[in-house]
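Dear colleague,

Here is the structure I promised to pass on to you, and my notes on some of its salt bridges and on one pair of helices follow below it.

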Amino acid sequence: MKTPKNSNGRLLIIDDNQAIHGDFAKILGSGSSENGMAEFEAAAFGAPTVSTSRNSFDLSSAFQGQEGLQMVQRALDENRPYAMAFVDIQMPPGWDGVETAMKIWEVQPDLQIIICTAYSDYSWDEMIAKVGRSDQLVILKKPFDNVEVFQLANAMTKKWLLSKQAQLKLEDMERTIRSRTAELHSSHSEMETLLASVSAAIIGLDRDKRVVRWNNASTNIFGISQDQILGQPLFKAGIQWNWELVQRSIDDCQKNRMAVELDCVEYRNAGEQNGFINLVISPSQSSDSKSLDIILLATEITQRRSVEAQLRQAQKLKVIGQLAAGIAHELNTPAQYVGDNTSFLKDAFHNFTGAIQACQDLLAKRSELTPELLDQTAALLKVSDLDYLSEQIPAALDETLEGIKRISEIVKAMKDFSHPGSQGKTPSDLNKAIKSTVTVSRSEWKYVADLTLKLEDTLPLIPCLVGEFNQVILNLIVNAAHAIGDVAKETPSSKGVITISTSLSGNFVEVQVADTGTGIPESAREKLFEPFFTTKEVGKGTGQGLFIARNVIVEKHGGTIDFETKMGAGTTFIIRLPLSNLEKQGVTPIDSPAPETSLVNASHGERVLV
């Protein structure tokens, strides 16, 4: 797999104004990187500005949309693509900024574009209607701030790089899977040769739990030869793993004649190195049950766990890239009115000090009070407009505190969502995790849907991997927003509804994510959880979200994930996480029936404000 460079500082400026190109060169050209950060630190922390010199971005200029398109195509032909472009909205007599962006995305779909505008030629809704929802489009209002331009350039070029890395990693994973699948299909041999060559450990036990089968893979994994173990009780084999759990599972299998699966059993091999296996304990179907009663199939999954972690990270990087611009917008809105109210309070303080000074002057001259002096003081007090300020200052303070609270909520939600957590399951508040994920993903759904939470207040703490659970909920919310967005294309004036509910159902906690989207076509339902399968258009989905969701819920938590759907009405995904002791021990009965599912009435509940 060819890995992209650590950075791509190639930027394209498309603007019909020569002076604008000069402005961008001053901001993003030689010395801009460190000077921009110095200005930012000076503004935020009062730090002194220190001038430095370092090339940060490679800038190219085009003065019309057609010329910009040609430069993008030429850069691709030379294998030196641009990472992002600043595009002016007004460039007569040629294409405007929106049309230029659409033309460029036809040849380079991954280019990050910032539309620069001082006009209201297009509303945000009109722009989305023309170009479609895109995480690669950001609006920059003129006149723009130097630090804002510099921060956007850094963020969008980094986002472009992360997107390329995720894409390459997924392609490499797909090639690896295809290669290994082809190897399995091409392999053929007799049974004894197969047993000797398979990578999974196969251990056969008789009724007394003595070892009667031990293949080469068992020796390779556990470091114990056939001569040492055949005919011996399994518990005397010297395998270093959770014996209490394995012994109890073998007893259950012998008693119930049903297979039991233990996922991610940690063991230590002869070289004192820790690894993980997937252990399936099955009753033998042999007619000679005296010689072979139980079969243990142990599959080495240490490397698979590492690959799955990389795949989850790639998916998370992609989603974070999609959310980055939206989160920045969510923070900017409350920050704006905090700033406006602070400016108002500054002016109000000036008026108050003038009024106080007038009163102090009057007191100082109380021995020589005259009508003229009193009239002068009254005039100063009238100019200060103290009645108006007394009414407006408390309101401004309330609004400022509300803005700060909103910023704090967004930052806390981002922290809760991105917290890596522990490597094992820990008691977690699923309601809190869901609320954090809803806040972080707000930019994905707020334009197309209202989101309603119906969370069970008495829900206990649930043993789970909360970071991975957050990722599952985020994937389902994004999918729901996209499905509703497809409906909104037909009826732009209406919004859909996403409903998330939690409840207790017997020995399970149930989480439902329902939407009023398009529904899932019947032809796609059986393949929905398969890797690399997606119903979305090219470039919008990777086919990994639901595959990862199933892996997290079913494989890692011993739960279930299912869905109910109706074309034209919407889809409900139902997640069930077990609370029983069996789940806490990591044991999943393979043949256990799936729990019944039901839809929750979403007409009432807590509404998340847009």
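R257 is partly exposed, at 39% relative accessible area, where partly exposed covers the range between buried (under 20%) and exposed (over 50%), computed with a 1.4 Å probe on protein chains only. Its side chain meets that of D293 in a salt bridge, 3.3 Å from N to O, the term standing for a side-chain nitrogen of Lys or Arg within 4 Å of a carboxyl oxygen of Asp or Glu. This pair links distant parts of the chain, 36 residues apart, with D293 in the loop between β9 (274–283) and β10 (294–300) and R257 in the loop between α10 and β8 (260–268). D293, by contrast, counts as buried, at 6% relative accessibility.

Please bear in mind that this is a predicted model, in which local features need pLDDT of at least 70, side-chain atom pairs count only at pLDDT 80 or more, and totals for chains, interfaces and linings use all residues. Residues are numbered from 1 along each chain as its sequence is written, and side-chain values use heavy atoms, with hydrogens and water left out.

The whole structure holds 14 salt bridges, and R10, D58, E78 and R80 are joined in a network of them.

Best wishes

Conventions
Helix = DSSP H or I, 4+ residues; strand = E, 2+ residues; numbered from the N terminus.
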